[in-house]
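Let's take a friendly walk through the aromatic rings of a protein model. Have the sequence and the 3D view at hand as you read.

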Amino acid sequence: MRLSPVFALTAAILAGSLGFIPEPVGAVHRDGKADVRQYQLDNGMKILVKEDHRAPVVVSQVWYKVGSSYEHNGITGVSHVLEHMMFKGTKTLGPNEFSKIISANGGRENAFTGRDYTAYFQRMHKDRIEVSFRLEADRMRNLTLPEEEFAKEVKVVMEERRLRTEDKPTSLTYEQFSAAAYQTSPYHHPVIGWMDDLMSMENDDLKAWYERWYSPANATLVVVGDVEADKVYRLAKKHFGPLTGPAVKPVKPQREVKQRGERRIKVRAEAEVPYLLMGYKVPVLKTVEDSNEAYALEMLAGVLDGGSSARLSRELVRGKQIAVSAGAGYDMYNRIDSLFLFDGRPANGHTIEDVEKAIREQVEGVRTTLATQDELDRIKAQVVAAKVYELDSVFYQAMQIGTLETVGLDHSLLDEYVDRIRAVTPEQIQAVAKKYLVDDGLTVAVLEPLNKNQHDQLPASEKGDSNAK
């Protein structure tokens, strides 16, 4: 769960003032924009390369257009389990040999699964990039999925679920909150899957998923680093070009039905303090009719929670001291409609009802009062600084490119981000607040803390209710 806007990443560095920040030496630009070269193989695989010659390293990422939002009831978690199994052997490599080869070549590798994608990456010296391509091409079509490895790995994922969700009250609350907020949207499903589905999962489920989605036509190779784009393309063509696979049909829309009233849930779990989570239905850049609205929502998140001088921190935490923490956030780069989120924890002497009331007052404030010029200047300064500092990480640059391409947006939108944010007006911010921050599209979840004795007395089905769907 991400409750801070993209451009708030550098808020601590800025401390409220941009000043002069020199551009990193060696970043590649064309007319002031990031120079990303694009290629496509005959089998449909897309290749995106961004040269960055500041250090002799390269990041290689293979993105597949499949994640938990592509799953259906009964097989939730299959994308994540398959991600684990991608390291467990091919026709030419044994279990975990992939990782050993990358390590022996001085590289680091891993993978991640999200709602809209699954991605695999390596960070290596530039001279070792062909090792990465050879291994990724091998497992794109030659995975063996040994039964004994699946039996072990699905248990690893179950334990991961227990540790990261069921034993973490805020994560458990967020999972239950999402299941309540989304009824027909596939964002209803947790990325890691419901425990019942993991327990009943079969290796054949993974084989079918792999055959359907792990095709060159459904993959994008993103490379950023000290490379020459045309040479990267030739290497990619050598290793990925011969691969074949099924064409991937577009998934059905699965749009969320119109919400017609506020929804509220209570989550009872062993915890120290109560926790509040609120979410309003909003469009994203991919789905909104007027793209200006997405950038205005991004700015709205910055007005509310873009550093210590933003409204939630200034008013609720440091001012009235109603909350020990309060946040807001919006992610405009999802594949389908999403949520504008708020969260908070009460300070001593205050209740969760006090926090909700205070957040609602802030919502009413942005609906009725224009953002000030000082607020906009602060946020826009953060945006510019973030665009500079992100160039320090070749991995983050690749992440941005891969995310946009995989959710169905053009990576060139990254070049427009600063200018589009700078163009947002106070009136546009107020307009999206009025339009989208309305109770008919609101879902509220409250974590009710239980002590250990109270938790032990709950029915088994309520103790980290992993079976609820």
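Arg-115 lies over the face of Tyr-187, 3.8 Å from the ring centre. A charge sits over a ring here if NZ of Lys or CZ of Arg is within 6 Å of the ring centre and within 35 degrees of the ring normal. Arg-139 is placed over the face of Phe-87.

| Arginine | Ring | Distance from ring centre |
|---|---|---|
| Arg-115 | Tyr-187 | 3.8 Å |
| Arg-139 | Phe-87 | 4.6 Å |

The model is predicted: local features need pLDDT of at least 70, side-chain atom pairs count only at pLDDT 80 or more, and totals for chains, interfaces and linings use all residues. Residues are numbered from 1 along each chain as its sequence is written, and side-chain values use heavy atoms, with hydrogens and water left out.

Now to the rings themselves. The structure holds 21 aromatic pairs, where rings of Phe, Tyr and Trp (its six-membered ring) pair if their centres lie within 6.5 Å; planes under 30 degrees apart count as stacked, over 60 as edge-to-face and the rest as tilted. Tyr-120 and Tyr-214 are edge-to-face, because their planes stand at 70 degrees, with the ring centres 6.2 Å apart. At 0% relative accessibility, Tyr-120 counts as buried (under 20% relative accessible area; exposed is over 50%, partly exposed in between, with a 1.4 Å probe and protein chains only). Tyr-214 is also buried, at 0% relative accessibility.

Tyr-182 and Tyr-187 form an edge-to-face pair too, since their planes are at 80 degrees, with centres 5.8 Å apart. Both Tyr-182 and Tyr-187 are buried.

Finally, ring pairs join Tyr-64, Phe-87, Phe-98, Tyr-120, Tyr-210 and Tyr-214 into a cluster.
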